[in-house]
Structures are given as C-alpha cells and as structure tokens.
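Reader: I would like a close look at the aromatic side chains and their surroundings.

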Amino acid sequence: MIKVHQITYNPFAENTYVLTNENKDAIIIDPGMYGDDERVHFDAFIEEREFSPVKLILTHAHLDHVFGLNHVAEKYKLTPQVNAKELMIYDNASSVANHYGLSMKPLISPLEGVEDNSELIFGDAKLKVIFTPGHSPGSVCFYNQEQNWIIGGDVLFQSSIGRTDLPGGDFETLINSIKTRLFILPDETRVYSGHGPSTTIGVEKMTNPFLT
C-alpha cells in the first residue's frame, strides 16, 4: 500500500508529494522547496523516516513545482522524469523564476518518462499516467486505481481549476482534459492537488463552478 505525504512549500504554497511504500521506498513528485530552510526541512523529513527516494517525477514544470528539483536530483541521485510536451516549460523555468525576482539555476536534463497511459511500477503498486494538458502543454496526473486516488498537479482544485493564462495554457483544452480524463474516474476518487486541500471527483462534478 502507498502512503501519500503532502508538504507545502515556497511563496506559491505548492504541494510537494512524497509517496512511500512498506519498504520505505519513496517517489518524489513536484519538489517545490525554495531556499535553504525548506531544503533542510525536506531532507530531514526524508532522513528521519529513513525513506529511500527511488523516483523523481513531475506533473508539470512550472517554476513553483520545480524549485527544489536540482537539489533532490543531486542529493538522491535521481533523474527527473517529465512528459515530452512539457520540455519547453521545463527548459524555461529558471528564466521565468528570474523574471519574478526569484533565484533558480537552470534545471538538470530530464528523461521523457511519463507518457500517457504508461505505468510507473512502485513495488507491488502501479501509478497510471493520465495526460491532462490545458494548464500547461504536458501536464499529467498519476492515478492509483487500487487505492482510488490521483496526484493531479494544477489541473483540478477544490472548487477551482488550473490557470490557463500562462504560456502553453488553454482553457478549452483544460476543461476537456478534466471532463474526458478525470471525470470518468469513480466519484470517490481522492484528488491530491498542486495547491490547497484535497477533494474528490464526485464533489467537483457537483460543485465546481467551472465545471457544473
């Protein structure tokens, strides 16, 4: 069984996720820690629990989701994996951060390793990759069918959706992604979002003002 750990970092209040199993292996998703204090906090979180990071994957590559990417990749000797259609966003993340007056070095080279409908094997569990563009061109979600939850990035929030006014974003594409790729999941599916609290597919079908 996978346990989902959520830690909120950086000026954008981004949710970084650490998935762990019974063997204490860990998948790190969207490392958003910014500054030395947050990097120290994250390392202590991992080391105090004796977790062993084995994968570093991204839902998408906007700057708030990759502030800590180089640190995690270098410290735990991991190569980040990102959808191929997200590479433009990935490559420009540091320049966008600098535009905001935030310090960030160019990201290390990634693998194009999260393709639509592929599966990430994690011990005895599987995470299905669901391609959900619209917030960014290569956004993906990670779905665990057995435990009925999804790591959704900035696609779907509690009573909201991801913004579409950034480069590569498109409102109609995002709405289509949500309705055709996420709303077909069971209503009780827990959605762990890139910002804010978790929600469920059923609640958002009924109450989300952008989708009702």
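Which residue lies over the face of Tyr76, and at what distance from the ring centre?

Author: This is a predicted model, in which local features need pLDDT of at least 70 and side-chain atom pairs count only at pLDDT 80 or more, while totals for chains, interfaces and linings use all residues. Residues are numbered from 1 along each chain as its sequence is written, and side-chain values use heavy atoms, with hydrogens and water left out.

Lys75 lies over the face of Tyr76, at 5.9 Å from the ring centre; a charge counts as sitting over a ring if NZ of Lys or CZ of Arg is within 6 Å of the ring centre and within 35 degrees of the ring normal.

Turning to ring pairs, the structure holds six aromatic pairs (rings of Phe, Tyr and Trp, the last by its six-membered ring, with centres within 6.5 Å; planes under 30 degrees apart count as stacked, over 60 as edge-to-face and the rest as tilted). One of them joins Tyr17 and Tyr192 edge-to-face, at 5.9 Å centre to centre and with 65° between the planes. Because Tyr17 lies in strand E2 (residues 14–20) and Tyr192 in strand E11 (residues 190–193), this pair ties together parts that are 175 residues apart in sequence (strands, E, of at least two residues, and helices, H or I, of at least four, are DSSP runs numbered from the N terminus). Tyr17 is buried, with a relative accessible area of 2% (buried means under 20%, exposed over 50%, partly exposed in between, with a 1.4 Å probe and protein chains only). Tyr192 also forms an edge-to-face pair with Trp149, at 6.3 Å and 75°. Trp149 is buried at 4%.
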